[in-house]
Amino acid sequence: MSSDAEGFIPVLEELVEQARRRLHAWKAEQEAVAPAPAAVLSPEPPRAAGSKVATARVDPASVQKATDLAPYIDHTLLKPEARAEDVVRVAEEARQYGFATVCVNSCHVATAARVLAGSSVLPIAVVGFPLGAMLSAAKAFEAREAIRAGAREIDMVINLGALKARDYQRVHQDIAAVVEASHPVPVKVILETGHLTDEEKVVACALSKAAGAAFVKTSTGFGPGGATVKDIELMRAVVGDEVGVKASGGVRSAEDAVKLLRAGANRLGASASVAIVTGQISTAQY
């Protein structure tokens, strides 16, 4: 083992111990706090694209109606059978409704970037999607090529196997490789929370933050489960305001969206974005 690796192990061990302490503190806090009631939102006409949000919590007062949710939404199309014309449609919807971004597979990011040019809506590419079980060098290469094609944010999938094996150095290095390859474009780390215990979620958040990720994100939309209020509260408790929290997977209504924002999310990944901001409920999948 190299001296650099040996020196990093105590740092990782301290991160994991801090994560465990935050998990216990969060659980104690949950037992003492009653959940807030969800807001009732009314559909409104589309509004112009707004400014992008930072990483901190969203002020609940900023969301008074369904269309106020638009600047927090990553309008998503990740189906493997998606065609170029589908990407064009989704990008045009994002311009119309003022969503934060359009999130697509890396092969489609150039198309999304072309349609979004001149607007405030940013193109996102997913990397190592949806399994995360690729070589770190492959993820880094995909991130660089996606940025070359026009991506302005990168959503990467964590190495779940390494996380489950408690190979925390490998998890950290995997994230750091994509962060370095993407700089200065921000990177979100998809944890696929449906596969993880609470402790694993906390450790994944701590490692993502240590590796320089801009956001942690719940799900791909292709794994088990999706975004939950409990997971968002936990993730926010670990990362604080220095790292953003993205809720994705199963967000299908304005009510869902508001609950997740109140729990600590400041970005929402959804394919049902239009339904959300027009006060409808969708059964759509990614």
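Two strands count as paired if DSSP finds at least two bridges between them. That rule is needed to read this predicted model, in which 8 strands close into a barrel in the order β1-β2-β3-β4-β5-β6-β7-β8. The pairing in the barrel is parallel, and the twist from one strand to the next averages 25 degrees. Strands of a sheet pair through backbone hydrogen bonds, either parallel or antiparallel.

Val104 stands opposite Ala125 in β3.

The next element to follow is helix α2, which covers residues 84-97 and has 14 residues. From its first C-alpha to its last, α2 reaches 20 Å, close to the 20 Å expected at 1.5 Å a residue. Its buried residues are Asp86, Val87, Val90, Ala91, Glu93, Ala94 and Tyr97. Seen down the axis of α2, these buried residues fall within an arc of 155 degrees, so they line one face of the helix. They pack against β1 (73-77), β2 (101-105), α3 (109-116) and α10 (273-277). The helix lies across β1 and β2, and runs at about 165 degrees to β1. Just after α2, Gly98 takes a positive phi of about 75 degrees.

Glu93 is one of the residues in helix α2. Is Glu93 buried or exposed? With a relative accessible area of 18%, Glu93 counts as buried, because the cut-off is under 20%. Leaving aside neighbours within four places in sequence, Glu93 is in contact with His75, Phe99 and Val274. Val274 lies in helix α10. Not counting residues up to four places away in sequence, Val274 touches His75, Glu93, Tyr97 and Phe99. Val274 and Ser253 are 21 residues apart in sequence, and their C-alpha atoms are 9.4 Å apart in space.

The last topic is the nonpolar interior. In soluble globular proteins, nonpolar side chains tend to be buried together. The largest nonpolar core in this model has 79 residues, of which Leu69, Val102, Ile154, Ile158, Ile175 and Ile276 touch the most other members. A second, separate core has 7 residues, including Leu78, Cys103, Val126 and Val157. Which residues does Val102 touch, not counting residues up to four places away in sequence? They are His75, Val90, Ala91, Ala94, Ala112, Leu116, Val121, Leu122, Pro123 and Ile124. Among these, Val90, Ala91 and Ala94 are buried residues of α2.

Notes:
Residues are numbered from 1 along each chain as its sequence is written. This is a predicted model: local features need pLDDT of at least 70, side-chain atom pairs count only at pLDDT 80 or more; totals for chains, interfaces and linings use all residues. Side-chain values use heavy atoms; hydrogens and water are left out. Helices (H or I, at least four residues) and strands (E, at least two) are DSSP runs, numbered from the N terminus. The expected span of a helix is 1.5 Å times one less than its number of residues. Buried means under 20% relative accessible area, exposed over 50%, partly exposed in between (1.4 Å probe, protein chains only). The arc is that of the directions from the helix axis to the C-beta atoms. Contact means heavy atoms within 4.5 Å. Axes are lines fitted to C-alpha atoms, for helices over the stretch in contact, and angles run from 0 to 180 degrees between N-to-C directions. A nonpolar core is a set of buried Ala, Val, Leu, Ile, Met, Phe, Trp, Tyr and Cys residues joined through side-chain atoms within 4.5 Å.
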